[in-house]
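Hi,

Here is the structure I promised to pass on. Have a look at it first, and my notes on cavities and salt bridges follow below.

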Amino acid sequence: MGVTQHGRTHRLDLADPTLREWTCTVLHVDPEQGIVLDRSAFYPGGGGQPPDHGVLLWQGVQTRIVGTRKGDDPYLIPAEGDPLPPVGAEVVGAVEDERRTRLMRTHSGLHVLCGVVFRDFGALVTGGNMEPGEARMDFNLPEVPPDFKARIEELVNAEVAADRSVATRVLPRTEALALPDIIRTQSNLIPADEEEVRIVDIVGLDVQADGGTHVASTAQIGKVQVVKVESKGRANRRVRVRLVD
């Protein structure tokens, strides 16, 4: 199974992260589990990036989508009380643009942060999470200089201003894992049965396996503020960042 196919659903979000509206067919509806589409641009969540919100439009009716439940298929979660489209119906899907765009900027900003900390401090990622416009990333970094917070903010924003291209590609598993430093986390999070690996490359700075949505260049991220650097154990440092609009 390819990276862009998840169960019965073709993942349009990975092929084109700028896509916000498309037509599709309802394959399955379950009041408890959710709605399965044949084609979807809703990012289902994963790797610290939360799922998209949006709507399905059908026969003059609107169903709000407030999340995704993972399984053999990505099940879109409708807002409580909203009507469910029938199986076989052709619907228009639409992703909430502001939320998705901020998540793309935030996710790419985290990759810049990761690239800078790995390049300049040799630290691997131990965890992370994001919401639209703000995020945290944890690093295995036993010692940090006194000016670490200011230095990291300056270095990250220099890479943002450099307008580096952000490119994605899909490689066979063995070819992807042969790339140097492709895994930037302490443990390999790529499922053992995954035959293809999606690579996100901030050209000249950071190359790593990743399944999320990203902007096309670092300049689109905007200014990044390092809000706080915290100690989370003897060798773990948490860096909190946010976008400054």
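A cavity here is a set of grid points where a 1.4 Å probe fits but cannot get out. Keep in mind that this is a predicted model. By that rule there are two cavities of 30 Å³ or more.

The largest cavity holds about 80 Å³ of space. Its lining is made of 13 residues, with Thr106, Gly109, Leu110, Val224 and Val241 nearest the centre. Helix H2 (97-121) and strands S11 (134-140), S15 (223-231) and S16 (236-244) each give two or more residues to that lining, and H2 has the largest share with four. By class, the lining has eight nonpolar, three polar and two charged residues.

The second largest cavity comes to about 50 Å³. Among the residues lining it are Arg11, Leu37, Phe42 and Pro74, and the lining divides into five nonpolar, three polar and one charged.

Now the salt bridges: the whole structure has 15. Arg8 and Asp73 pair up at 2.7 Å, N to O, and they link distant parts of the chain, sitting 65 residues apart in two loops. Asp73 is buried at 5% relative accessible area, while Arg8 is partly exposed at 39%.

Arg11, from the second cavity's lining, also bridges to Asp13, with the closest N and O atoms 2.8 Å apart. Arg11 is buried at 9%, and Asp13 is buried at 0%.

Glu230 and Arg240 form another bridge at 2.7 Å, N to O; this one runs between S15 and S16. Finally, Arg119, Asp120, Glu159 and Arg164 are linked in a salt-bridge network.

Cheers

Technical notes
Residues are numbered from 1 along each chain as its sequence is written. This is a predicted model: local features need pLDDT of at least 70, side-chain atom pairs count only at pLDDT 80 or more; totals for chains, interfaces and linings use all residues. Side-chain values use heavy atoms; hydrogens and water are left out. On a 1 Å grid over the protein atoms alone, a cavity is a set of points where a 1.4 Å probe fits but cannot get out, and a pocket is an open set with protein on both sides within 12 Å along at least five of seven lines; lining residues have an atom within 4 Å of a point. Grid points are joined across faces, edges and corners, and a volume is the space filled by probe spheres set on the points. Ala, Val, Leu, Ile, Met, Phe, Trp, Tyr, Cys and Pro count as nonpolar, Asp, Glu, Lys and Arg as charged, and the others, Gly among them, as polar. A salt bridge is a side-chain nitrogen of Lys or Arg within 4 Å of a carboxyl oxygen of Asp or Glu. Buried means under 20% relative accessible area, exposed over 50%, partly exposed in between (1.4 Å probe, protein chains only).
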